[in-house]
Amino acid sequence: MTALAFGSVTWFQIGSADPAATKSFYTELFDWSFEVDGDADTDGRYAQVTTPGATHPTGGLFDTRGEVPNHAIFYVLVEDTAKTVAEAEQRGAKVLVPPKTTPAGLVFSDLLDPQGNHFGVFTPPAS
């Protein structure tokens, strides 16, 4: 497998208040498969998405329970999440979720670009 380059869109997330209906829609339309992410600290609210032909998950489905709006966003692989968030803020971005580290060591943050578009950045766990 080719290593992914920093600055590449490498993950997506769909947030839904009705994850069962969302899973059904994307499974029937695109043949996506979903598996609860046991490593995430989300009480079973997060499922990893694998698309046809993929060897590993490339997205996730978050059960919002109606606590946040439904959404579909992309995540960019970065070398240092905190540094990237600081640089984004200097360029006019607004931080929605400050850098957070999962129990597995993945660091992520959600932002709004200066035009109000929601996106995220993440750094994988150290190997």
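Does Phe 30 count as buried, partly exposed or exposed, and at what relative accessibility? The views below take up this point in a predicted model, in which local features need pLDDT of at least 70, side-chain atom pairs count only at pLDDT 80 or more, and totals for chains, interfaces and linings use all residues. Residues are numbered from 1 along each chain as its sequence is written, and side-chain values use heavy atoms, with hydrogens and water left out.

**View 1. Phe 30 and a nonpolar surface patch.** Phe 30, which belongs to helix 1 (residues 19–30), counts as partly exposed at 42% relative accessibility (buried is under 20%, exposed over 50%, partly exposed in between, with a 1.4 Å probe and protein chains only). Together with Phe 25 and Leu 29, Phe 30 makes a nonpolar surface patch of about 310 Å², where patch residues have over 30% relative accessible area and no salt bridge, nonpolar side chains being joined within 5 Å and like charges within 9 Å.

**View 2. The salt bridge between Glu 67 and Arg 45.** The closest N and O atoms of this pair are 3.1 Å apart (a salt bridge is a side-chain nitrogen of Lys or Arg within 4 Å of a carboxyl oxygen of Asp or Glu). Glu 67 lies in the loop between strand 4 (59–63) and strand 5 (71–77) and Arg 45 in the loop between strand 2 (33–36) and strand 3 (46–50), so the pair ties together parts 22 residues apart in sequence. Glu 67 is exposed at 56% relative accessibility, whereas Arg 45 is buried at 14%.

Definitions and conventions. Accessible areas come from the Shrake-Rupley method with a 1.4 Å probe; for residues, only the protein chains shown count as cover. Helices (H or I, at least four residues) and strands (E, at least two) are DSSP runs, numbered from the N terminus.
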